[in-house]
Amino acid sequence: MTSTITLAEALVAGPVVLDGGMSNQLESAGHDLSDELWSARLLAERPEAITEAHLAYFEAGADVAITSSYQATFEGFDKRGIGRERAAELLALSVELAREAARQAQGAGIARPLWVAASVGPYGAMLADGSEYRGRYGLSVAELERFHRPRLEVLAAARPDVLALETVPDADEAEALLRAVRGLDVPAWLSYSVAGERTRAGQPLEEAFALAADADEVIAVGVNCCAPEDVERAVETAARVTGKPVVVYPNSGEAWDARARAWNGRSSFSPEEVLGWRASGARLIGGCCRVGPEAISGIAGALKA
């Protein structure tokens, strides 16, 4: 831990700033991510680039770095000829790289508390076909739990401050993840990808958020990787249904074309919107895809003004 207080304790005191899109920052630095492993490929090939990306967000005002393990799975690494032992080392490395960025930031004079969240992407992220925006994979809750548990065990053993169960498109997968984090002795947040007032798989958000209401491991519930205009209603619902702090980090507002592997449209993200989100119950606030350090700096400035 790079802070003397836990993230859960910090959320009681006030809002905490998350980082922005890892892929956004890596691509801006000139790295090619046109690969099924996405940013996870750089864990093996250019780990120092990941540390630099985390550091850029800390310097911009982020308090929490989300690791580059979103698309890092045993199955995905196996497709690239990376065995299970090495894959486990790379998963653990994702946490250490974020820790190293925090050490560098604090060594350079950043005095505020900094935390590391280990990213746990959905099953669809491993498929790399856009299905993380649809859910409904044809797998049971038990099968999804068996998929997620081994990776969660490795990440938890690396001792992040929190596990980020993120971009979850389906309440069934959320149920599986909530089962899988039990007994790991690391807190978690649960964050859905949504469209309007429903999960990407079509379940009402009230029902989806309610799954986490009584989960002691979960310190925050909310949404990410969604359009900015879908955030405020989701924040209100998450706060009302769970009574927990709300986590929110939307995309820029552009749309992802999985077939072309490209973003289309225009950004509709405005850092000033975060004040409304905070008023509705958001406490962990940042950005996801296509939201870079400049926007995170704007969020930090708006929240601290």
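I looked up Thr242 and found it buried, with a relative accessible area of 11%. Buried here means under 20% relative accessible area, exposed means over 50%, and partly exposed lies in between (1.4 Å probe, protein chains only). I note that this is a predicted model, where local features need pLDDT of at least 70, side-chain atom pairs count only at pLDDT 80 or more, and totals for chains, interfaces and linings use all residues. Residues are numbered from 1 along each chain as its sequence is written, and side-chain values use heavy atoms, with hydrogens and water left out.

I placed Thr242 in helix H11, residues 231-242. Helices (H or I, at least four residues) and strands (E, at least two) are DSSP runs, numbered from the N terminus. Next I checked the side chain of Thr242. It reaches the backbone oxygen of Ala238 at 2.7 Å. The side chain of Thr242 also reaches the backbone nitrogen of Lys244, at 3.1 Å. I then listed contacts (heavy atoms within 4.5 Å). Leaving aside neighbours within four places in sequence, Thr242 touches Phe209, Ala213 and Val221.

Ala234 also sits in helix H11. I found Ala234 buried, at a relative accessible area of 2%. With neighbours within four places in sequence left aside, Ala234 is in contact with Leu205, Phe209 and Val223. Ala234 and Ala118 are 116 residues apart in sequence and 23 Å apart in space, C-alpha to C-alpha.

**Entry: H4 against H13**

I looked at helix H4 (residues 47-60) and helix H13 (residues 293-304). Their axes come within 8 Å and cross at roughly 30 degrees. Axes are lines fitted to C-alpha atoms, for helices over the stretch in contact, and angles run from 0 to 180 degrees between N-to-C directions. H4 and H13 are therefore roughly parallel to each other. Angles under 35 degrees count as roughly parallel, over 145 as roughly antiparallel, 65 to 115 as roughly perpendicular and the rest as oblique. In H4, Ala56, Tyr57 and Ala60 meet Pro293, Ile296, Ser297 and Ala300 of H13. I sorted the residues of this contact into six nonpolar, one polar and no charged. Ala, Val, Leu, Ile, Met, Phe, Trp, Tyr, Cys and Pro count as nonpolar, Asp, Glu, Lys and Arg as charged, and the others, Gly among them, as polar.

I also checked Thr51 in H4. Thr51 is buried, with a relative accessible area of 7%. Beyond neighbours within four places in sequence, Thr51 contacts Leu97, Glu100, Ala101 and Gln104.

**Entry: H8 against H9**

Helix H8 (residues 141-157) and helix H9 (residues 171-180) have axes that come within 8 Å and cross at roughly 45 degrees. H8 and H9 are therefore oblique to each other. By class, I have seven nonpolar, one polar and six charged residues in the contact of H8 with H9. The H8 side includes Glu145 and Arg149, and the H9 side includes Asp172 and Arg179.

**Entry: positive phi**

Most residues other than glycine have a negative phi. I noted Thr167, whose phi is near 55 degrees, a positive value. Thr167 is in strand S4, residues 162-168. It is buried, with a relative accessible area of 2%. Cys225 also has a phi near 55 degrees, again positive. I found Cys225 in the loop between strand S8 (218-224) and H11. Cys225 is buried, at a relative accessible area of 2%.

How values were computed. A polar contact is a pair of N or O atoms within 3.5 Å; within protein, one must be able to donate a hydrogen and the other to accept it, and residues adjacent in sequence count only if both atoms are side-chain atoms.
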